[in-house]
Amino acid sequence: MTTSELVTAADVELMQGLAQRVTATHPELVNSDASFGELAWNWGRAHTAQGSSWRRRLWSSGGELVAWGWAQLPCSVRLSDGTVANATGAYLAYQVHPDHADLVDEVIDWFDATAPGLERTVLPGASDGFALERWAAHGYVPDPDGQGDTGSWTQLNQRDLTDVEPPKLPGGYTFRTADEAGEEAAVRAHLNAWGPRAYSVEAYRDLRGTNGYRGDLHVLVEAPDGTMASSAIMWLDGANRTVEFEPMGTHPDHRRLGLGRAVLLHGMRLAREAGAVQATVACLGAPGHPAARELYYGAGFRELCRDVPLLKPATAA
């Protein structure tokens with residue numbers, strides 16, 4: 001069975017279920033936009049601003065979701081500082097259960113039909129050799145900008161939670177949770193770290209309603225002057241007993257103080273108390289983007305898998 005329409009919160013929950021099943025048996029095949037936490041984050045943070053430009057198709061077998069495609073089409077988005085960002089190409093997030101790998105051709109055909117004439121980009125996993133062959137057969141080629149030494153490809157990192165050292169914060173800095181600090185502080189912490197974004201209290205309320213969000217696993221660091229200096233959301237996948245950090249970031253004026261490491265360690269200890277045995281976090285993997293990777297490696301994470309940026313030029317049919 002297949003359907004095609006706008007992406008809803010119920011769709012995302014179905015996608016998360018497929019992500020959990022793939023994670024349980026083939027974690028190396030979970031690409032950067034198809035993990036349990038990333039799905040919720042991507043929908044919650046951007047649905048208010050971009051949802052009208054999203055299209056999706058679902059493939060089911062035996063009453064169970066086995067594949068999906070989520071096409072993000074061109075749109076204009078007003079950012080938190082009042083400026084406008086324009087997306088002119090089309091991007092596809094997708095996942096296909098390995099037992100139904102042949103459906104990748106249907107996913108590709110659907111994406112091409114949904115975004116004809118546009119530049120189309122996609123991020124299949126480097127471990128998914130079959131999918132890479134099928135994307136190439138449909139005219140998708142390596143993105144030279146995405147795959148270079150300063151490219152945009154991402155890697156997923158993992159570590160177990162058997163031995164997590166206590167976190168250390170600089171004097172005067174304090175851990176908070178989003179439940180304690182409130183929605184304005186949670187939004188401000190993210191914008192402080194990442195700069196102007198299409199993210200607002202309204203978007204955060206959407207996020208809070210997603211499957212898997214827990215305000216007690218949304219960690220903030222408050223500076224002595226009251227600034228929200230660092231933050232991370234942790235997504236607990238109870239079925240696999242894993243926790244995913246997404247997103248996490250630190251205010252530029254409060255970097256190089258050890259806040260990122262402290263948030264990771266504090267978050268992992270909270271996640272372990274909540275039942276997790278493993279943690280994951282994604283980062284840019286190219287050699288020219290060492291900062292986050294070195295932070296995560298320093299906290300015990302190691303690469304699990306990575307994605308491969310591909311594109312089909314706008315001139316292609």
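At 8% relative accessibility, Lys-312 counts as buried (buried means under 20% relative accessible area, exposed over 50%, and partly exposed in between, with a 1.4 Å probe and protein chains only). Lys-312 forms a salt bridge with Asp-112, with the closest N and O atoms 3.1 Å apart; a salt bridge here is a side-chain nitrogen of Lys or Arg within 4 Å of a carboxyl oxygen of Asp or Glu. Lys-312 sits in strand S16 (residues 310-312) and Asp-112 in helix H3, so this pair ties together parts that are 200 residues apart in sequence. Helices (H or I, at least four residues) and strands (E, at least two) are DSSP runs, numbered from the N terminus.

A word on the model itself. It is a predicted one, in which local features need pLDDT of at least 70 and side-chain atom pairs count only at pLDDT 80 or more, while totals for chains, interfaces and linings use all residues. Residues are numbered from 1 along each chain as its sequence is written, and side-chain values use heavy atoms, with hydrogens and water left out.

Back to Asp-112, which is itself buried, with a relative accessible area of 14%. Asp-112 also forms a salt bridge with Arg-120, where the closest N and O atoms are 2.9 Å apart. Arg-120 is buried too, at a relative accessible area of 0%. Arg-120 belongs to strand S7 and stands opposite Ala-90.

S6 runs parallel to S7 (residues 120-122), with 3 bridges joining them; two strands pair if DSSP finds at least two bridges between them. With strand S3 (residues 64-72), S6 pairs in the antiparallel sense over 6 bridges, and Tyr-91 in S6 is the bridge partner of Gln-72. S6, helix H3 (residues 104-114) and S7 also make a right-handed β-α-β unit. Right-handed means that, with the strands pointing away from the viewer, the path from the first strand over the helix to the second runs clockwise.

The structure holds 13 salt bridges in total. One of them brings together the side chains of Arg-205 and Glu-183 (2.5 Å, N to O). Arg-205 lies in helix H8 (residues 201-208) and Glu-183 in helix H7 (residues 183-194), so the pair ties together parts that are 22 residues apart in sequence. Elsewhere, salt bridges that share partners join Glu-5, Asp-11 and Arg-56 into one network. Asp-11 is placed in helix H1 (residues 9-25) and counts as buried at 5% relative accessibility.

The contact takes 28 residues from domain 1 and 29 residues from domain 2, where contact means heavy atoms within 4.5 Å. Between the two domains, the count is 0 salt bridges.

The peptide bond from Glu-246 to Pro-247 is cis, with omega near -5°, and Pro-247 lies in strand S13 (residues 242-250). Arg-256, in the loop between S13 and helix H9 (259-273), has a positive phi near 65° and counts as exposed at 85% relative accessibility.
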